[in-house]
Amino acid sequence: MTELTHMGKKSHINNPKVLPIYLSSVFSFDDIETLDKIYNGEEKGYIYSRINNPIYDSLSEIMVSIEGGEACRVYSTGMAAITTTILSHVKQGDHIIADSVLYGGTLQFFKEELSRFGIEVSFIDFRKDDIEKHFKENTKIVYTETISNPLMEVTDIERIAKISHKYNAKLVIDNTFATPIICQPLKLGADIVIHSATKYTSGHSDVMGGIVVSDSDTIDKIGKIGTIYGASLSPFDGWLLIRSLRTLELRVKRHSENAIKLARYFENNKKIKRVYYPGLESFPYHNMAKKIFSNEIFGGMLSIEIEGGYETVNKLIQALKEVKFVPSLASYDTTVSYPAKTSHRNMNKEDRQRIGITDGLLRISVGLENIDDIIEQFEKALQKL
Ligand code: PLP
């Protein structure tokens, strides 16, 4: 039955409307010269899916067009995109300036992993501290998030980019919370943009992925190191991410419309001490958000601080019926997360409290539902406290 190994390709005669998935770990060649030319970059083609795959290029093409860069690489998770990007830019003895409020996994990488390789990281508050004081001759990377997780602080990317370039450092922005529908950091002067594609790029809690967009030389450099570390995206997940991107703009607009309504509801509820949402006029980073965001929308993520700390938050989570407690974000349904025990659980309590991630902080990822239903659910749950 040798047919079993060769058959099945005859029907491939015209173009499908939707991109096919190349679930092939490797590609074949007619001769050694062809393989050699592709390896040397003299001819376009694919060799092995840890290096590249057509679906990665299709996904990259879309991301480059919406982020505004020149090239892109995709990875198996957001953390893979972050670690590969950083490790391809630093060596022993180098220095990084990182924001003190970042996604917990990124903080852990900077604090615990990079020190093992002799790379120093200074943590500062990019909005309150004088960043310029912290540059050294060996500073290679400056790292922050467009909208910080979980305090929703908005960074002045243009200003930080100018300062970073004065000291020949590259500015890396994690744009996961904002998405390019709301902010395009490369257009504001950033050098590299990263996404946890697991979040809004996917939007359905069914894919893990990471994306890096930058200029061609930077992406070549990241791509070479990425091939060694090997955190490649599954081609099937790449295909799902493309499918999700078709509705990204629609989804982000709806998430944002819902989030501002929910934020205003919380702002007027006496049980809520504080609401963290860039779309609220009362929020300290509202003007900065207005300056650097497009489309007059502010994203689907918000946090609230509840009187009473851990016990009260736990009661609220139990009282919420359809709003699920999940340690992730950016899906089609509204979910809540508790940063002190999820994204920032590896931080010691004092550091957490100092930067504002208190035991009363609940992060909300606002979904695509009819927001009146969600407000009603919060209203009923809050009444039980
Ligand atoms: N960046 C941000 C802002 C995140 O929220 C996360 C995960 O929650 C990551 C990066 C890491 O992404 P992943 O979980 O896909 O590795």
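Which side-chain oxygen reaches to the backbone nitrogen of Glu 33 at the start of helix α2? In this predicted model, it belongs to Asp 31, and the two atoms come within 3.4 Å of each other. Helix α2 spans residues 32-39, helices here being DSSP runs (H or I, at least four residues) and strands likewise (E, at least two), numbered from the N terminus. Just after α2, Gly 41 takes a positive phi of about 75°.

A word on the ground rules. Residues are numbered from 1 along each chain as its sequence is written, and side-chain values use heavy atoms, with hydrogens and water left out. Because the model is predicted, local features need pLDDT of at least 70 and side-chain atom pairs count only at pLDDT 80 or more, while totals for chains, interfaces and linings use all residues.

Now to the ligand. A polar backbone atom of Met 79 is 2.8 Å from a ligand oxygen. From the side chains, a polar atom of Thr 198 lies 2.6 Å from an oxygen of the ligand, and an N or O atom of Lys 199 is 2.7 Å from a ligand oxygen. Taken alone, the ligand exposes 390 Å², and the protein buries 91% of that (Shrake-Rupley areas, 1.4 Å probe).

On to the domains. The chain divides into domain 1 (23-243) and domain 2 (248-383), with bounds from an automatic or database domain assignment. Their C-alpha centres lie 26 Å apart. Between them the domains bury about 3100 Å², 67% of it on carbon and sulfur atoms; buried area is the accessible area (1.4 Å probe) lost on being put together, summed over both parts. Ile 181, Ile 182 and Tyr 200 supply 25% of the area that domain 1 buries against domain 2, more than any other three residues.

Most residues other than glycine have a negative phi, and most peptide bonds are trans. Yet Asn 149 and Pro 150 are joined by a cis peptide bond, with omega about 5°, and Pro 150 sits in the loop between β4 (139-145) and α6 (157-166). Asn 295, not a glycine, has a positive phi of about 65° in the loop between α11 (286-292) and β9 (301-306).

How values were computed
Polar contact = N/O pair within 3.5 Å; in protein donor to acceptor, adjacent residues only side chain to side chain. Buried area = accessible area lost by both parts, 1.4 Å probe.
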